[in-house]
Amino acid sequence: MLPEQSSPVILSHTTMNARRWPIVAITLLILVATGFTVVRANVLGMGERFDRLTGRIEAFVDPPPDRSTIPTVVVTPEPSESPSPTPEPTSAPSADPTPTPTPTPLVREAVDVALVDDHATVFASQLTEKDCAVAGTQMVLAMLGLGDTSEAFQTEIHDRIGEWESLSDSLNGGWGPAAVSLALTEYGATGYEIRAYSTYTDALRDSAIAITEMDKPVVIFPWWGAHTWVMTGFRADADPTLFADATISGAYILDPWYPRTSSIWGPSDGPGNFEDLAELARNWPVGTGRDGWSRPEGAYPDRDGRFVVLIPTTPRDG
């Protein structure tokens, strides 16, 4: 995210700086002409309005390609199942029925799952204010043995955005969830699907199940969809793959913004920090009137107001 400025726009427009500066200059001229003063703080929402205006002008001056990309799957909660009535017997029971084996009862135990023993070994800090999605992609690849954490590799991924950006994924161009999925696929991490949930608890639960079953990290998009975190594990009062009522108490997170501090979200946490539910809800806004995905550059019908994750659907090789 942006450190001492207004609302972050990290997923938007991470191409060459030369592409953005003329747009910023045009925006500043418009703001001066209309009597606005640009400040480096979100005073009375001014910073957010500036980001919104910048995004719209940027999309008008240098629009991203309008091409098909990875769709967002909107996940709706499954309805609770009512007990089925006991069927009437169709015939009299035999005199000597075969006994039905008694199933072994499931043992409910707390779980603490982490895909990485030493998070520092797979951590990569974003090289610029706007490269969180690039660094997030890099860390997933490093965890899966498909890349490293070097600056050179992050730069390589960054420079290939033209292969993956699309209008529906990011109205400003540059990195969105679909671009991350396509980049992961290009480097061998296939099967990542964009899902949007009505609640962050549903998103967190499905993420925990995917981590357990697929042995791969999940990419989540906090800060109203402006940032990128890599979820590498979780804690719960029971195994969510076995117990439908398992409660997830938090997640292990790789935050590429570390070691920076944000004027909006505060200091970032170190590699693999355990984020409890309160901290997750603060960074992935819940109950604020502006929950989940809420981008200033325009509408994303399948994402707005929902909690967006990039979730693995195929198991790790080997």
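Reply: His227 sits in the loop that links strand 4 (218-220) to strand 5 (229-236); helices (H or I, at least four residues) and strands (E, at least two) are DSSP runs, numbered from the N terminus. Bear in mind that this is a predicted model, where local features need pLDDT of at least 70, side-chain atom pairs count only at pLDDT 80 or more, and totals for chains, interfaces and linings use all residues. Residues are numbered from 1 along each chain as its sequence is written, and side-chain values use heavy atoms, with hydrogens and water left out.

His227 has a relative accessible area of 0%, so it counts as buried (under 20%; exposed is over 50%, partly exposed in between, with a 1.4 Å probe and protein chains only). Its side chain makes a polar contact of 2.7 Å with that of Asp255. That term means a pair of N or O atoms within 3.5 Å; within protein, one must be able to donate a hydrogen and the other to accept it, and residues adjacent in sequence count only if both atoms are side-chain atoms.

Stepping back, the chain has 7 helices and 10 strands, and 48% of its 318 residues are buried.
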